[in-house]
Amino acid sequence: MTQSSNTWEPRIVAFFCNWCTYTAADLAGVSRMKYAANIRVIRLMCSGRVDPQFIVQALTRGADGVLIGGCHPGDCHYVEGNFKMLRRFEMLKRVLTSMGIEPQRVRLEWISAAEGEKVKRVVNELVEEIRKLGPLGLPEKFELWDTEMDVLEKHISAQENALSSPTNEPSLTEVPHV
């Protein structure tokens, strides 16, 4: 589904630690703090349980950005889960950059249970950042890439068939631009 640039709104998936960031988001809600409704929260027991594959999958399924929230360093209920997430996050930023995905689309924040105001600020900042970047649109790009691969596959098949025929000898440099 394509949307016009006037109606497009970023879709953000958030992975929040149960003990701190999720509780802070709950505090923001019960305190009636207003923040962008563009976020869909997935509660995990610890930010250290966020596999980078979850983030990539969220982006490939249509999310324009991802927010990871965990306990402050030294306050993790699972001792070192947030440090584990930090190491994964730094690696993931390099991988996303190499894939042509802006690293600003993925954000890691340490937010304690008492920081409902910080949840509000971080969510609103990320939504604005993603609005500036525009839609990621990976599902649509995958469709385009699949079409390009089909064209290339047909061209290679045709060339292989032509090469196996003794009467025709086409040039191997005649590759279509996709």
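Biologist: Where does Arg32 lie?
Modeller: Arg32 lies in the loop between helix H1 (21–30) and S2. Helices (H or I, at least four residues) and strands (E, at least two) are DSSP runs, numbered from the N terminus. This is a predicted model, in which local features need pLDDT of at least 70, side-chain atom pairs count only at pLDDT 80 or more, and totals for chains, interfaces and linings use all residues. Residues are numbered from 1 along each chain as its sequence is written, and side-chain values use heavy atoms, with hydrogens and water left out.

Biologist: Is Arg32 buried or exposed?
Modeller: Arg32 counts as exposed because its relative accessibility is 73%. The classes are buried under 20% relative accessible area, exposed over 50% and partly exposed in between (1.4 Å probe, protein chains only).

Biologist: And what is its phi?
Modeller: Phi of Arg32 is near 55 degrees, a positive value in a residue other than glycine. Most residues other than glycine have a negative phi. Val79 also has a positive phi, near 70 degrees. Val79 is placed in the loop between strand S3 (65–70) and helix H3 (81–98), and it counts as exposed, since its relative accessibility is 61%.

Biologist: Turning to S1, how many of its residues are buried?
Modeller: Six of the six residues in S1 are buried. Ile12, Ala14 and Phe16 point one way, while Val13, Phe15 and Cys17 point the other way. In a regular strand the side chains alternate between the two faces of the sheet.

Biologist: Which strand is S1 joined to?
Modeller: S1 is joined by six bridges to strand S2 (residues 39–44), and the two run parallel. Strands count as paired if DSSP finds at least two bridges between them. Cys17 faces Leu44 of S2.

Biologist: What lines the second largest pocket?
Modeller: The lining consists of Arg11, Val13, Phe15, Ile42, Phe54, Gln57, Ala58, Arg61, Gly62 and Ala63. Strand S1 (12–17) and helix H2 (52–60) are the elements that give two or more residues to this lining, and H2 gives the most, with three residues. A pocket is an open set of points on a 1 Å grid over the protein atoms alone where a 1.4 Å probe fits, with protein on both sides within 12 Å along at least five of seven lines; lining residues have an atom within 4 Å of a point.

Biologist: Last topic: which ring does the charged end of Arg43 sit over?
Modeller: It sits over the ring of Tyr22, 4.5 Å from the ring centre. The criterion is NZ of Lys or CZ of Arg within 6 Å of the ring centre and within 35 degrees of the ring normal.
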